[in-house]
Amino acid sequence: MSASAKNLIEIESVVVRFAGDSGDGMQIVGEQFTDSSAFAGNDLATLPDFPAEIRAPAGTLPGVSGFQIQFGSRRVHTPGDCPDALVAMNPAALKVNLPELADGGLLVVNTEAFKTANLAKAGYLENPLDDPALAEKYTLVKINITDLTKEALADSPLKPTEKTRCKNFLALGFTYWVYDRPLEPTINFLETKWGKRLPEVAQANIKALRAGYYLGETTELAQNRYQIARAGTRPGTYRKINGNDALVYGLVSGAQSAGKELLFSGYPITPASSILEGLAALKHFGIKTVQAEDEIAAIGVALGASFAGSIGVTATSGPGMCLKAEFIGLTAMTELPMIIVDVQRGGPSTGLPTKTEQGDLLLSYFGKHGELPCPIVASTSPSDCFFAAREAMRIALEYNCPVILLSELYLAIGSEPWRIPNIASLPAIQPNIIEQGDEYVPYKRDPKTLARKLAYPGMPGYEHRIGGLEKDETGGVSYDPLNHEKMTRLRIEKVQAIANSLPPTYINGDKSGKLLVLGWGGTEGAITSAVNRTRDEGFAVSSVVLRHLNPLPNDLKGILDGFDKILIPELNHGQLRFLIQSKYLRETIPYNKIQGRPFTVNELLQAIQDNI
Amino acid sequence: MSQEPAVASAPLTKKDFVTQNDVRWCPGCGDYAILNSIQKTFPELGVPKENFVVISGIGCSSRFPYYMETFGFHTIHGRAPTVATGVKVANPNLSVWMVTGDGDALSIGGNHLLHILRRNLDINILLFNNRVYGLTKGQYSPTSSVGMKTKTTPMGSFDHPVNPIQFALGAEATFVARTVDTDPKHMVETFQAAHAHKGTSFVEIFQNCVIFNKDVWEDIYGRGVKDDQILYLEEGKPLLFGKEKNRGIRLNGLDPEVVTIGENGITENDILVHNPSSLNPLQAALLSQLLHPEFPTPLGVLKSIQRDVYEDCMDGQVKAAKDAKGQGDLQATLAGAGSWVVE
């Protein structure tokens, strides 16, 4: 077999992980690999994984930054379990990531980084590359990425340290060759990003990228090359999207469908900040954004905007939710529309700010004083954040109440291809406002939905006062004991009534069987993959992933009744299980992971196997 | 509703701003006089009634919106500036009035007060200062004097109090004024000036709590002492006070001092002239340091300067973005760079 006729292997899907120091540019090459794969027509899902520190000490284990992508010619639901290929830019990256690399997997290492000092920082007593077992267990490809980059850029006017910095693109180029990825999207990206301002930087990175690609072509470093056919996707216009971007566009779209001005007010917090950043860049859509002085102010500004006739939206993560609790209560008490986005991260307290978790469900359910539920909507995939935001907008404006939209860090920064919907054909949202001329009783309710109507400042003849004190139907303050009980019950019933507006719950699989896997939010991909595989083996397993956590769908009880056992996997200690068991008095089986990382499909396969 | 034009053409009167709700402040509370003065001020401002919004936090003073026949929002403790900001940003045409107290604004809400003042939204803030927590029944407040004995300070407070005027000046408020609940005429004039100012107008109102801090301001505005204890500020006029208007404030180096015209060769030319529109922050800072009992207490507008207004800047950026990029088109944005078509 000649060097040029290496094995070209057709595969359905593959998982690649890039790992290096947090200053090595792993996130950018991961994003580029993603764009290139999307361009190649593959379905995909990504998982960026980086430390909370912007630059942890170089070369150390806590400083390792990683980016994993699964791409394939079939539907890809998750970023994948174990990587089939690992690019490790230094010993620390190898140490952190090697345990997860699949046996026989492709292991690309930058030999230049495996020097005594770096080995010591990673806790290696000896150079692991010298261990013959490594090459036996994995397809080891040793490349002096740093020196090759310098050589490739010998003619570049950049300083030596700047040349070295291009090594991530050389590594990327090599993986492009291995996986037959197109170079054009990355070259276009570099030219757009640096071409005008720093053309020599753009050219150096492009050169490094090409050098990496040719390295694969002209050497025998890697024996196998892989082809992944285009995914058989529906015709349409596609783009790559991450959860927070999709959420931004969903908010814009929802406000447009409702004919409302959108005012977004936030305070920077990981991983929600990019929602504020994204909307701030859309001022030409008429969107107003306020960077408030703190989390409390952020929701207060949003509430003021809703009171004045806009739709106020705020976004945060767990610590911010705690601070917003009193205002969520006032919004619910005054029955004004608002969306509170909680992009969940590992808690409690500061917790794991850059890792994912589903820890805020019960906080969203109960995190206010008094008895006053809030509708809760959860997004299930990065692109689904668009539709979840629209659904939150619908409930907030049609029922006049605050809606908590639960997203997750895993969705917020994870990407997938998205078939762009026809915006004009999305359903209208009908804000519940008094018709000018109609008699106004501020807390008079629609007999069916129990929603009240709003009148805004500036509407002549509709002057009225609202506030946090208990009130009667007229909005007047009332300390009458029976009125308080009546109003409390009405506010609870109103949220419950939202269930009447929900579509039938989607069941993946049969309506009845041995086991129902019941989840919510961002675990949808892993649950669907695991359940589908188990079904392919002939087992009577189905899954439901809830979009609405409050109110729960009216048909959920009937669905639960159709199964012998219910397994509830969650990235927390059992919060949905707590709600399901208390509401339906039904014993369920927990499966919990609290590691700051999403479920792997294998973990769920095992959990399902253990229960059928 | 069909007679809208007729309604609009009828001039507003005080009665239009009185609600049917029973006012539930304690008999003799200074809040009644303030409410009365606001209800007298509003009809004269030329603002359509439906454009007034009164927003409050929590406390005795924060019950205010319930007694005003306007749009009103009684929010939560300390956070009224945030809600007021949202209202004004969402609809800059509204005339937004925020009512707060010393605890609401300067203790639990201190952070928000700082930020609303520096942002300079066109909002009027009325801070009722009675130097005590009234609604929670008499604990000391952030403006209470050192030594004040309350249920939470049985041996006397040792908290150094906040000076509301200095706080506002420190936050670079563009309009800072002070008035008193015993002088309706002065209140109305001050509220009118606050309304006329484009930007955040901060008005401290000395207010008497008859139950928990009775006569707290009596040494300043009491019948027998006020001529000697109050310095009425008028733009372009010398800082003179006293029954005979013969005492004044002179600058000795950087220190103010009280002098008497005609004594030791002092003439009116020696007296500092009030210049609230000075861009030199020392002017207003100097007035804020005229503290009882060494000095008369200044009433009126201490500072009034122009600076960009937050909501106008925001609208300006929205317009500039539309001018530069055209009205946003979501479909086109989503299908922009990086998208691909599957046939």
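Tutor: Two strands pair if DSSP finds at least two bridges between them. Keep that rule in mind. The model here is a predicted one.

Student: What makes strand 5 and strand 6 of chain A a pair?

Tutor: Count the bridges. Strand 5 (residues 85–88) and strand 6 (residues 106–110) of chain A are joined by 4 bridges. The rule asks for at least two, so they pair. The two strands run parallel. One bridge links Ala88(A) to its partner Val109(A) in strand 6 of chain A.

Student: How do you know that strand 6 of chain A is mostly covered?

Tutor: A residue is buried if 20 or more other C-beta atoms lie within 10 Å of its own. In strand 6 of chain A, 5 of the 5 residues are buried. Both faces are included. Leu106(A), Val108(A) and Asn110(A) point one way. Leu107(A) and Val109(A) point the other way. All of them are buried.

Student: Why does the radius of gyration of chain A agree with a compact globule?

Tutor: Set the value against the rule. A compact globule of 612 residues would have a radius of gyration near 25 Å, and chain A has 26 Å, which agrees. The C-alpha trace of chain A spans about 85 × 60 × 50 Å along its principal axes. Chain A has 21 helices and 22 strands. Of its 612 residues, 54% are buried.

Student: What are the box and the buried share for chain B?

Tutor: The C-alpha atoms of chain B fill roughly 95 × 50 × 50 Å. Buried residues are 45% of its 343 residues. Chain B holds 12 helices and 14 strands.

Student: What makes strand 11 and strand 20 of chain A edge strands?

Tutor: Start with the sheet. It is open, has 7 strands of chain A in the order 11-10-12-13-15-14-20, and its pairing is mixed. Strand 11 (288–291) and strand 20 (548–550) each pair on one side only, and that makes them the edges. Neighbouring strands of this sheet are turned by 20° on average, direction ignored. Strand 10 (residues 262–266) and strand 11 of chain A run parallel and share 4 bridges. Gly266(A) has Gln291(A) as its bridge partner there.

Student: Which element of chain B packs on that sheet?

Tutor: Helix 3 of chain B does. This helix touches strand 10, strand 11 and strand 12 (311–316) of chain A.

Student: Why is helix 3 of chain B called largely enclosed?

Tutor: Of its 11 residues, 11 are buried, so the rest of the structure largely encloses it. Among them are Thr85(B), Gly86(B) and Lys88(B).

Student: How many residues does each chain bring to the contact?

Tutor: Chain B brings 53 residues and chain A brings 60. Helix 3 of chain B gives the most to chain B's side, with 8 residues. By class, that side has 24 nonpolar, 21 polar and 8 charged residues.

Student: What makes strand 9 of chain A and strand 14 of chain B a pair?

Tutor: The rule is the one we began with. Strand 9 (residues 236–242) of chain A and strand 14 of chain B have 3 bridges, in the antiparallel sense.

Student: Which residues touch the most other members of the largest nonpolar core?

Tutor: Met393(A) and Leu405(A) do, in a core of 190 residues. Helix 15 (residues 384–399) of chain A supplies the largest share, 11 residues. Beyond its neighbours within four places in sequence, Leu405(A) is in contact with several residues, including Ile339(A), Val377(A) and Ala392(A). A second, separate core has 61 residues, with Ala38(A) and Phe169(A) among them.

Student: Why does Pro164(B) count as buried?

Tutor: Pro164(B) has 23 C-beta neighbours inside 10 Å. The cut-off is 20 or more, so Pro164(B) is buried. Pro164(B) sits in helix 6 (residues 164–170) of chain B. Leaving aside neighbours within four places in sequence, its contacts include Leu106(B), Asn129(B) and Glu204(B).

Student: How far is the C-alpha atom of Pro164(B) from that of Val176(B)?

Tutor: The two C-alpha atoms are 9.7 Å apart, and the residues are 12 apart along the chain.

Notes
Residues numbered from 1 in each chain as written. Chains lettered and ligands numbered in written order. Predicted model: local features only at pLDDT ≥ 70, side-chain atom pairs only at ≥ 80, totals over all residues. Contact = placed C-beta atoms within 7 Å. Nonpolar A, V, L, I, M, F, W, Y, C, P; charged D, E, K, R; others polar. Rg over C-alpha atoms; globule rule 2.2 N^0.38 Å. Buried ≥ 20, exposed ≤ 12 C-beta atoms within 10 Å, placed from the backbone. Axes fitted to C-alpha atoms, helices over the stretch in contact; angles between N-to-C directions. Core = buried A, V, L, I, M, F, W, Y, C linked by C-beta atoms within 7 Å.
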